[in-house]
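Biologist: I would like to learn how to read a model like this one. Please take me through a few features.

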Number of protein chains: 2
Amino acid sequence: MTAPCLDLHLTMPEWAPAYLETLPDFIPAVEGRMAAILELARLNFEKDTGGPFAAGVFEQESGRLVSIGVNRVVASGCSSAHAEVMALGLAQKRLGTYDLGGPGIPAHELVVNWRPCAMCYGALLWSGIRFLTIAGSGPELEELTGFDEGPVHPEWAGELAGRGIATRMDVLRAEAVELFRQFRRSSRLVYNARQG
Amino acid sequence: MTAPCLDLHLTMPEWAPAYLETLPDFIPAVEGRMAAILELARLNFEKDTGGPFAAGVFEQESGRLVSIGVNRVVASGCSSAHAEVMALGLAQKRLGTYDLGGPGIPAHELVVNWRPCAMCYGALLWSGIRFLTIAGSGPELEELTGFDEGPVHPEWAGELAGRGIATRMDVLRAEAVELFRQFRRSSRLVYNARQG
């Protein structure tokens, strides 16, 4: 066996810079932010670079686009490389801080095309994000895509609120569900079904 | 503002290779595995490279050491760089797969010096790990270190069992609590206290 590894390198897909170039620096309306994230999720599975999940970090008030992330589990060989973990880490790298809610920093919003899974829910908590915007929550994700959300805390939104994170739901919900339907029709890999 | 970032690079501390050299390739007894992880957690805060948390991935039966991880949030500027996320990702990189529980792979165990936080609990679920070994769970971590575990699912161990992950608790518990006391006496940074 090779020697133990000591560094992780997680990358966005090769097409990500070109997609970023199509986006404005600021997206004022929340529906516009979600539309950009839905398109990103669609590109990720259509280009066979990952699952139908995407996320973005925005300055909440101005709408400045800070980072985008897509699911990179299969491409990077790392089960933690979900869209939210990528977007949060890339925003923190760009801002040069592990705390997007630190002193002197404008409030940041995480926009995701469905309720974060059990892991990403926790990642959100530690990131300093102040607003979570999702297209929806509920069984559609698991039913249509086969992906597993895991045991998210039953009081998930209340727990976020208690930690100063406001949740906005159902932004472009119908469009997000339609995207999951497209993914199902594409018969692409669902990688977290139990294999062993 | 600089351009959006498109890759994340998370590294272990500079002293990690030297520590790895002190460890055998195989650690048969679970107490020996935990002792190695506790020493790793101690080194991480004593050397001012992160919080008092460490994790390792082992082949469960043989005790082969596959990876180690420490908390690198402050050093890497990434709030997701917890010890478990590092250890799981580094094990997957070494094995060349995002699924440590995939076909033909021996069962793997994650050894951590306390119950994983809300995020790492989810990271564990998606990693393919079959066994979780912890020194303890309960309020001592938060009381002694000031770090926040977040809203872990109330039925956390049962949910793991239902997904084929067995939990072994209270391995070197007293030693783990003593380490948290040492951290508290050292007056080092607790970085996830609410700053904003």
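Biologist: How many residues does helix 8 of chain B have, and what does it reach from its first C-alpha to its last?

Modeller: First, this is a predicted model, in which local features need pLDDT of at least 70, side-chain atom pairs count only at pLDDT 80 or more, and totals for chains, interfaces and linings use all residues. Residues are numbered from 1 along each chain as its sequence is written, and chains are lettered from A and ligands numbered from 1 in the order in which they are written. Helices (H or I, at least four residues) and strands (E, at least two) are DSSP runs, numbered from the N terminus. Helix 8 of chain B, residues 173-186, has 14 residues and reaches 20 Å, close to the 20 Å expected at 1.5 Å a residue. The expected span is 1.5 Å times one less than the number of residues.

Biologist: Which residues of helix 8 of chain B are buried?

Modeller: A residue is buried if 20 or more other C-beta atoms, placed from the backbone, lie within 10 Å of its own, exposed if 12 or fewer, and partly exposed in between. An α-helix has 3.6 residues a turn, so residues three or four places apart point the same way. Here the buried ones are B:Ala176, B:Leu179, B:Phe180 and B:Phe183. They lie on the same side of helix 8 of chain B because they cover an arc of only 100° around the axis, taken from the directions from the helix axis to the C-beta atoms. The face turned away from that side carries exposed B:Ala174, B:Arg181 and B:Arg185.

Biologist: How many residues of chain B are in contact with chain A?

Modeller: Two residues are in contact if their C-beta atoms, placed from the backbone, lie within 7 Å. By that test, 54 residues of chain B are in contact with 55 residues of chain A. Helix 5 of chain B gives the most to that side of chain B, with eight residues.

Biologist: In what sense do strand 1 of chain A and strand 1 of chain B pair?

Modeller: Two strands pair if DSSP finds at least two bridges between them. These two pair in the antiparallel sense over five bridges, and A:His9 has B:His9 as its bridge partner.

Biologist: What rotation superposes chain B on chain A?

Modeller: Copies are superposed by least squares on the C-alpha atoms of residues with pLDDT of at least 70 in both. The rotation is 180°, with 0.0 Å of shift along its axis (RMSD 0.0 Å). That is the relation of a two-fold axis.
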